[in-house]
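Please open the model in your viewer and keep the sequence beside it.

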Amino acid sequence: MKLQQLYSYTRRSIDTWQMIDEGDKIAIGVSGGKDSLTMLYALKGLQRFYPKHFELEAITVDLGLGNFNMDAVKSLCNELNIPYTIVSTEIGPIIFDQRHEKNPCSLCAKMRKGALNNKALELGCNKIAYGHHRDDLVETMLMSLIYEGHFYAFPPVTKLERTGLTVIRPLLYMTEPDIIGFARKQNLPVAKSPCPANGHTRREYTKNLMHQINRENPGAIDKMFTAILNGNISDWPQSMPNPHYHNP
Ligand SMILES: Nc1ncnc2c1ncn2[C@@H]1O[C@H](COP(=O)(O)OP(=O)(O)OP(=O)(O)O)[C@@H](O)[C@H]1O
């Protein structure tokens with residue numbers, strides 16, 4: 001995937017869901033994975049020509065799991081001229097060593113988001129960008145169906161009432177293969193997740209299932225994505241009708 005295509009997909013979600021307002025200061029959550037690194041490029045590029053002016057801050061929450069070297073990400077942020085902050089935490093040791101959590105993912109995500117939000121507020125940001133893409137959205141919907149028995153997927157924009165921050169997901173129209181292709185082409189310094197639960201979670205199971213369904217029924221992921229977009233899901237904001245874009 002070329003840079004121009006990346007900008008065009010990102011702009012599509014930003015316009016459709018009105019993610020950016022004049023004067024926003026957006027914290028980009030950077031895990032070091034391919035999605036958030038791609039998002040650094042996407043938002044930095046868009047900043048140059050988007051009609052509304054906005055500022056960017058990149059933030060990584062270090063979970064304290066060791067083996068976590070973000071020097072290459074620091075250099076990338078330098079190159080892109082995005083201020084970069086690493087927040088050191090003991091979230092990993094608390095979850096795995098002290099509490100021996102059987103289902104560590106939800107508590108970890110909650111604590112990680114708390115640390116990210118606090119730093120974003122401290123830096124004067126009013127929005128937080130997550131690198132979720134189309135396949136993450138479909139995966140989450142399937143998890144909700146299989147494990148919770150209802151049709152739900154996270155919205156493109158979420159206002160967090162307690163902190164006043166707004167979460168945005170600018171890569172929502174990108175597919176995972178597109179992101180993988182972009183990350184490879186740009187030679188992005190993708191870090192392997194240091195999480196010991198990685199690869200053994202319900203999410204991983206659902207992801208494999210989703211790919212199996214798509215292999216056996218080509219186009220199924222796109223169809224499920226369309227079902228979500230048209231699904232009148234609670235929490236989802238109104239999308240902007242835009243003559244330039246046609247939803248699938
Ligand atoms: N440790 C972290 N510090 C800051 N932001 C994070 C961190 N972990 C996740 N995020 C943010 O939350 C988003 C979703 O997290 P998730 O763990 O689902 O990542 P992912 O799908 O593996 O994406 P990525 O390839 O960016 O890691 C990430 O894209 C990123 O924006």
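This is a predicted model: local features need pLDDT of at least 70, side-chain atom pairs count only at pLDDT 80 or more; totals for chains, interfaces and linings use all residues.

A residue is called buried if 20 or more other C-beta atoms lie within 10 Å of its own, exposed if 12 or fewer, and partly exposed in between, with C-beta atoms placed from the backbone.

Residues are numbered from 1 along each chain as its sequence is written. Colour by pLDDT, the predictor's confidence in each residue from 0 to 100; the mean for the protein chain is 92, and 96% of its residues reach 70 or more.

Switch to a cartoon, which shows nine helices and six strands in the protein chain, where helices (H or I, at least four residues) and strands (E, at least two) are DSSP runs numbered from the N terminus.

Next, select helix H4, residues 91–98, where Ile91, Gly92 and Ile95 are buried. These residues lie on the same side of H4 because they cover an arc of only 100° around the axis, the arc being that of the directions from the helix axis to the C-beta atoms. Turn to the other side of H4 to find Asp97 and Gln98, which are exposed.

Finally, select histidine 100, which follows H4 and has a positive phi, near 45°.
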